[in-house]
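Have the model open as you read.

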Amino acid sequence: MGQEFEITGLLARAREGDRQPLTEVFQALYPELHRIAVARVGGGDRTVTPTVLVNELYLRLANGGLPELADRRHFFVAAAQAMRWILVDHARRSSAGKRGGGLVGITLDEGLVDGIADPDTRILALHEGLEALEQIDPQRRQVVELRYFVGLGFAEIAGLLGCSERTAKREWERARAFLYSMLLP
């Protein structure tokens, strides 16, 4: 609880225009953010490394204003969304010269889109699915972002979204079913 209170205080100072507290938030949460980035980016010959992803996350949040970052919960929700957009932007740039198209089949395990071999195609397919899911149920989209992009467990997601763990699991299952039906040819 102590770190959460400290993070909340630092974010409040950052919203007042002082950027140093945001740097302190990133320093305090860097190991957790890097762990999340490693889980999302993985290894290989990708232009986005976990360190690049966390650094771009910092730049986006630092340059985009902080009105919604009231506490640790809001920070991780914003981090999940920013990581998603960073990966989508990189995937679009990487895929800009590629030809082809059509829907790609996926398997819906915990990784949602692990059945798609190309990491850029995988991120873009998930992004399109999340855009459609947003129109149906924004909370389900948040559950997927927090589970897939941030790697949180259901108890953590429930705490961040203010719902029960059972509800978080149910929303995850419904979101998976929706994405499965949308992304399979």
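## Ground rules

This is a predicted model, where local features need pLDDT of at least 70, side-chain atom pairs count only at pLDDT 80 or more, and totals for chains, interfaces and linings use all residues. Residues are numbered from 1 along each chain as its sequence is written, and side-chain values use heavy atoms, with hydrogens and water left out.

## Overall layout

The protein chain has 8 helices and 0 strands; helices (H or I, at least four residues) and strands (E, at least two) are DSSP runs, numbered from the N terminus. Read from that end, the order is α-α-α-α-α-α-α-α.

Of the 185 residues, 45% are buried, meaning under 20% relative accessible area with a 1.4 Å probe, protein chains only. Take the contacts (heavy atoms within 4.5 Å) between residues at least 6 apart in sequence: 65% of them join residues at least 24 apart.

## The core

The largest nonpolar core holds 54 residues. Such a core is a set of buried Ala, Val, Leu, Ile, Met, Phe, Trp, Tyr and Cys residues joined through side-chain atoms within 4.5 Å. At least two residues of this core come from each of α1 (2–15), α2 (20–41), α3 (50–63), α4 (72–95), α5 (119–136), α6 (138–149), α7 (154–161) and α8 (165–183). The top contributor is α4, with 12 residues.

Leu33, Leu53, Leu57, Phe75, Phe76, Val144 and Leu146 have the most contacts inside the core. Look at Phe75: setting aside neighbours within four places in sequence, Phe75 touches Leu11, Val25, Phe26, Leu29, Leu33, Leu61 and Leu69.

## α2 against α3

The α2 and α3 axes come within 8 Å and cross at roughly 135°. Axes here are lines fitted to C-alpha atoms, for helices over the stretch in contact, with angles running from 0 to 180 degrees between N-to-C directions. So α2 is oblique to α3; angles under 35 degrees count as roughly parallel, over 145 as roughly antiparallel, 65 to 115 as roughly perpendicular and the rest as oblique.

On the α2 side, the residues that meet α3 include Phe26, Tyr30 and Leu33, and their α3 counterparts include Leu53, Leu57 and Leu61.

## α4 against α6

The axes of α4 and α6 come within 9 Å, crossing at roughly 75°. That's why α4 counts as roughly perpendicular to α6. Here Phe76, Val77, Ala80, Gln81, Met83, Arg84 and Leu87 in α4 meet Arg141, Gln142, Glu145, Leu146 and Phe149 in α6.

How values were computed: Buried means under 20% relative accessible area, exposed over 50%, partly exposed in between (1.4 Å probe, protein chains only).
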